[in-house]
Amino acid sequence: MSESIGVVQDAPITSVVGYPRLQIIDEDKQFSEDVNSYLDKIGLLDSGMNYHLISVFGSQSTGKSTLLNALFGTKFDVMDETARRQTTKGIWMSRAKQDRILIMDVEGTDGRERGEDQDFERKAALFALSTSEVLIVNIWEHQVGLYQGANMGLLKTVFEVNLSLFSKPNKSLLLFVIRDHIGVTPLENLAATLSADLERIWDSLIKPPALADSKITDFFTLQFTTLPHKILQPEQFFTAVDQLGNRFIADAKDTNYVFDPKFHRNVPADGWSIYAKSIWEQIELNKDLDLPTQQVLVARFRCEEIAGQAWEAFEAAIKPVEGMAGVVAGLGAIIGPARSKALEVYESQASRYTTSVYEEKKKELVSKIDLRLVQLYAAQIINLKKIAVQKFSADVTAELAKPKYKFLEAVGTAKRETMTIFEAAAAEALVEGTSLSYEKDLAALSADLEANISRLREGESKRLANRITRVVASELDESLPSIFRSPGEDMWDRVMLDFRETVATALAKYEVTNEEGETKYDFGLGGLPEEVSAEIDQVLMDAWKVLHRKIREFGKAEAVLLRLREIFETKFKYDEKGVPRVWKPSDNIEEVYTTALNETMELIPVMTSAKLANGDPVAPDAAIIPVLERDEEIDVEKFSVFMSRTQTEELRQSFKRIAVSMYVDAKRSTIQSIRQ
Ligand code: GDP
Ligand code: MG
């Protein structure tokens, strides 16, 4: 007759026909481990609050199991007529044929089988009341009015434990089924007698002060019915049972429909086994039972369990993403649904439990999920950024390799495009309802690209400055020698004029007039004003360095001496028309010599330092001095000085010696001409 259903081979879940049954508490008072799988097997595990629970009470062998089987189509064991031994041990459970009703068949006592073990009766009453909406009290008609009878003792127990369980009225239905009703005493009379007895019992209870004035009806709704003798009047018995069955069917519209929502213990079916087990353990340990606390405990346990399942579902859904390297295409479309699916799993199952617990655990789940999302998103952003910067560099490099590129346009376009692509990809990975955002990353990318552009601009401006400097240098190479060839008091004024014109010409195409009407230079590479002026300073500094170099080249002692010699030679050996002199004895060589010598000597100051006609030394513009001072090559203080006093004196002497020797040669040539 036994038929195992669960994983446990010897689980006492048995079935004859129809729904199987389960011994949820055995004769050793052990709570079954198979309740959950049992509820699953009979199809009620996922019914949420949409189920009902009925327990039966009464002395042993009063036909309780027989009644249940007839009324609900269950297959509880019934006493074998020949053995007359107790059959129902512990507490059994089955599903009724009526919709979504669980029946618990509770072992009765009559002192014969369990005798001294009155303890179980009390515990079973506590358990049934903690879990059931309806308690069927099975009683023989001839026991009605026997106040001292076994049934009344049991009812006193039920009332007592009820007071200990519910600090405030939490209603249950007591349905009295009066068996073997002969029909002489009408139901109303029997009900009145029973009610009076119940009230007497209630009054006799020692109640907590807060409930001192409470009435039995504050806690219990009472219903009464009678059944004929099953063996003597089987037909009438089954007719009455059928009628009684209507009270358990909502659609039957029976005015005595038993399931008032206020009777429900509000424990979702998937949490029922935890709830019932925990209740039973508390009962076994003789601990005070407090149902609201138990419900919160169950809520906590189940909500955590469901959150765990939701998390597992989430993790499984995002697993493929976690294994991917680099940018994950459509990340948002993967992780978004994974998140909402997980929350759906949680909400659909856990929302039946105590709201505060449900909300608390939901918050934990959401923050756990969102933490993972933030990590995934951050990794995605890092990869997107890497790609964005690479793309930017490639774009700019390609653009700047073109023959007539425009720097600002090239970097501007590349940056704009890069930012747009990045933003689109970052937005695609967002998940609605989370705090994910990319504003900061967008700003960081912009800053990165700007730093990149700044470096590019620096290189670009260096190239431009070099080009301008080369132009300036070659222009000066062309123009200065002719100035140097015609020295005079204003030679350095002419040099400076030429220098300034050359620089201005080289920079002319970068000239811009600002709003204040000032003329400034700008390479058109963008950048901050101080960066722009640094670029221009670089060009000017290089130009001044070229000039400095030219001055030094000019001022080399041998070169100056050679120049002085040439000048003197021209003045001495050629006449005003540039015709070479052929000295005749009548010529006044001394005078020509002295004039040429003096005129040449007068040039020595401009040949030994860069001095303007007004006597000022050539010096860099005040504005550029601080920049030049940073350069080691140039001594700004001695910019115009290229020969020391001693060198100058040596130069004078050397020059004089040359002049004298030329004079002597001239003299000698006249003497020779006389001799011939
Ligand atoms: P339980 O111990 O209360 O579950 O009682 P059972 O259902 O096992 O039945 C005990 C005995 O009562 C059995 O021998 C049944 O045949 C008998 N019985 C069942 N229904 C009735 C009834 O309506 N009237 C009487 N007098 N006996 C019944
Ligand atoms: Mg029984």
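**Close-up views of the predicted model**

**Figure 1. Lining of the largest pocket.** Helix α16 contributes seven residues to the lining of the largest pocket, the most of any element. The structure is a predicted model, in which local features require pLDDT of at least 70 and side-chain atom pairs count only at pLDDT 80 or more, whereas totals for chains, interfaces and linings use all residues. Residues are numbered from 1 along each chain as its sequence is written, chains are lettered from A and ligands numbered from 1 in the order in which they are written, and side-chain values use heavy atoms, with hydrogens and water left out. A pocket is found on a 1 Å grid over the protein atoms alone, as an open set of points where a 1.4 Å probe fits, with protein on both sides within 12 Å along at least five of seven lines; lining residues have an atom within 4 Å of a point. The volume of the largest pocket is about 600 Å³, taken as the space filled by probe spheres set on the points, which are joined across faces, edges and corners. Its lining comprises 27 residues, and Phe-484, Pro-487, Phe-554, Arg-563 and Ile-567 lie nearest the centre. At least two lining residues come from each of α13 (439-485), α15 (529-554), α16 (557-573), α17 (589-602) and α18 (604-608). Helices are DSSP runs of H or I with at least four residues, strands are runs of E with at least two, and both are numbered from the N terminus. The lining has 13 nonpolar, three polar and eleven charged residues, where Ala, Val, Leu, Ile, Met, Phe, Trp, Tyr, Cys and Pro count as nonpolar, Asp, Glu, Lys and Arg as charged, and the others, Gly among them, as polar.

**Figure 2. Surroundings of Arg-563.** Arg-563 belongs to helix α16 and is one of the residues nearest the centre of the largest pocket. With a relative accessible area of 22%, Arg-563 is partly exposed; buried means under 20%, exposed over 50%, and partly exposed in between (1.4 Å probe, protein chains only). Beyond its neighbours within four places in sequence, Arg-563 is in contact with Phe-484, Phe-554 and Met-607, contact meaning heavy atoms within 4.5 Å. Arg-300, 263 residues away in sequence, lies 106 Å from Arg-563, C-alpha to C-alpha.

**Figure 3. Nonpolar cores.** A nonpolar core is a set of buried Ala, Val, Leu, Ile, Met, Phe, Trp, Tyr and Cys residues joined through side-chain atoms within 4.5 Å. The largest core holds 172 residues, of which Ile-24, Phe-127, Phe-159, Trp-272, Trp-492 and Phe-572 touch the most other members. Helix α11 (residues 355-400) supplies the largest share of this core, 14 residues. A second, separate core of 26 residues includes Val-134, Leu-227, Phe-237 and Leu-244. Apart from its neighbours within four places in sequence, the contacts of Ile-24 include Phe-31, Val-35, Ile-91, Trp-92, Phe-127 and Trp-272.

**Figure 4. Helix α10 and the helices that cover it.** The 20 residues of α10 (residues 331-350) should span 28 Å at 1.5 Å a residue, and the end C-alpha atoms are 28 Å apart, which agrees; the expected span is 1.5 Å times one less than the number of residues. Buried residues of α10 include Leu-331, Ile-335, Ala-338, Arg-339, Ala-342, Val-345 and Tyr-346. Among the elements covering the buried residues are α9 (291-323), α11 and α12 (407-428). Ala-317, a residue of α9, is partly exposed at 33% relative accessibility.

**Figure 5. Loop residues with positive phi.** Most residues other than glycine have a negative phi. Ser-61, which is not a glycine, has a positive phi of about 60°; it sits in the loop between β3 (52-58) and α2 (64-72) and is partly exposed at 28% relative accessibility. Lys-253, likewise not a glycine, has a positive phi of about 55°. Lys-253 occupies the loop between α7 (234-245) and α8 (269-284) and is exposed at 69% relative accessibility.

**Figure 6. Ile-42 in its loop.** Ile-42 is placed in the loop between α1 (35-41) and β3, and its 3% relative accessibility makes it buried. Leaving aside neighbours within four places in sequence, Ile-42 is in contact with Tyr-19, Pro-20, Arg-95 and Leu-102.
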